[in-house]
Amino acid sequence: MIVLIQRVLRSSCTVDGEVTGECGNGLLLFVCAEKTDTPKTVSAMANKVLKYRVFHDDMGKMNLSALDIGAEILVVPQFTLAADTNSGTRPSLSLGASPEVGKKFFEQFVEEIKSSGLKTGQGVFGAHMEISLVNDGPVTFWLQVPKKS
């Protein structure tokens, strides 16, 4: 599973002119399931994201997590994060999970984030979405659950 984390002052997702999810100060999470993912992978990533320290403490160090500050979260499905861009000039999307599995794991991920008690909005799996954001920093991290060898 891949998650692109962006620390934001605010963000929103709009589908067909309707806002489907939004957040204030917190995290915008772009989420992609890969072929090798399992429900355990999804849980591990949700746990990691919630505890990932990207917010400043009183000393100005990134030492606080979304849980520590009561951040708001917007979760957006983005299968293109699994693109293989190593050859040619067109990305290969063969590394991503199937749409059925991707949707199932996206929904599991959202539920695990929501279970933290943090205000959580979400995008719509498979829809054409318009994402608005004001990045804070900018602070952006690409996380991937390590693959077993």
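Biologist: Which backbone nitrogen lies 2.9 Å from a polar atom of the side chain of N135?

Modeller: That's the backbone nitrogen of V139, 2.9 Å from a polar atom of the N135 side chain. Before we go on: this is a predicted model, where local features need pLDDT of at least 70 and side-chain atom pairs count only at pLDDT 80 or more, while totals for chains, interfaces and linings use all residues. Residues are numbered from 1 along each chain as its sequence is written, and side-chain values use heavy atoms, with hydrogens and water left out.

Biologist: What makes the link between the side chains of N135 and T140 a polar contact?

Modeller: The distance is 3.3 Å. A polar contact is a pair of N or O atoms within 3.5 Å; within protein, one must be able to donate a hydrogen and the other to accept it, and residues adjacent in sequence count only if both atoms are side-chain atoms. So the pair of N135 and T140 qualifies at 3.3 Å.

Biologist: Why is N135 called partly exposed?

Modeller: Its relative accessible area is 23%. Buried means under 20%, exposed over 50%, and partly exposed in between (1.4 Å probe, protein chains only), so N135 is partly exposed. N135 is in strand β8, residues 130-144; helices (H or I, at least four residues) and strands (E, at least two) are DSSP runs, numbered from the N terminus.

Biologist: How far apart are N135 and V8 in sequence and in space?

Modeller: They are 127 residues apart in sequence and 4.3 Å apart in space, C-alpha to C-alpha. Leaving out residues up to four places away in sequence, N135 touches Q6, R7, V8 and T140, where contact means heavy atoms within 4.5 Å.

Biologist: And T41, buried or exposed?

Modeller: T41 is buried, because its relative accessible area is 14%. It sits in helix α1, residues 39-51.

Biologist: How many aromatic pairs does a search of the whole structure find?

Modeller: Two. Rings of Phe, Tyr and Trp (its six-membered ring) pair if their centres lie within 6.5 Å; planes under 30 degrees apart count as stacked, over 60 as edge-to-face and the rest as tilted. Y52 and F141 have ring centres 5.8 Å apart and planes at 70 degrees, so that pair is edge-to-face. Y52 lies in the loop between α1 and β4 (55-56) and F141 in strand β8, so the pair ties together parts 89 residues apart in sequence.

Biologist: What makes the pair of F106 and F125 tilted?

Modeller: Their centres are 6.3 Å apart and their planes at 40 degrees, so the pair is tilted. F106 is buried at 4%, whereas F125 is partly exposed at 30%.

Biologist: Why are α1 and α3 called oblique to each other?

Modeller: They pack at an angle of about 40 degrees, with their axes 9 Å apart. Angles under 35 degrees count as roughly parallel, over 145 as roughly antiparallel, 65 to 115 as roughly perpendicular and the rest as oblique. So α1 and α3 are oblique.

Biologist: How do you know that the D16 phi stands out?

Modeller: D16 has a positive phi of about 50 degrees although it is not a glycine. Most residues other than glycine have a negative phi. D16 counts as exposed, because its relative accessibility is 81%.

Technical notes: Axes fitted to C-alpha atoms, helices over the stretch in contact; angles between N-to-C directions.
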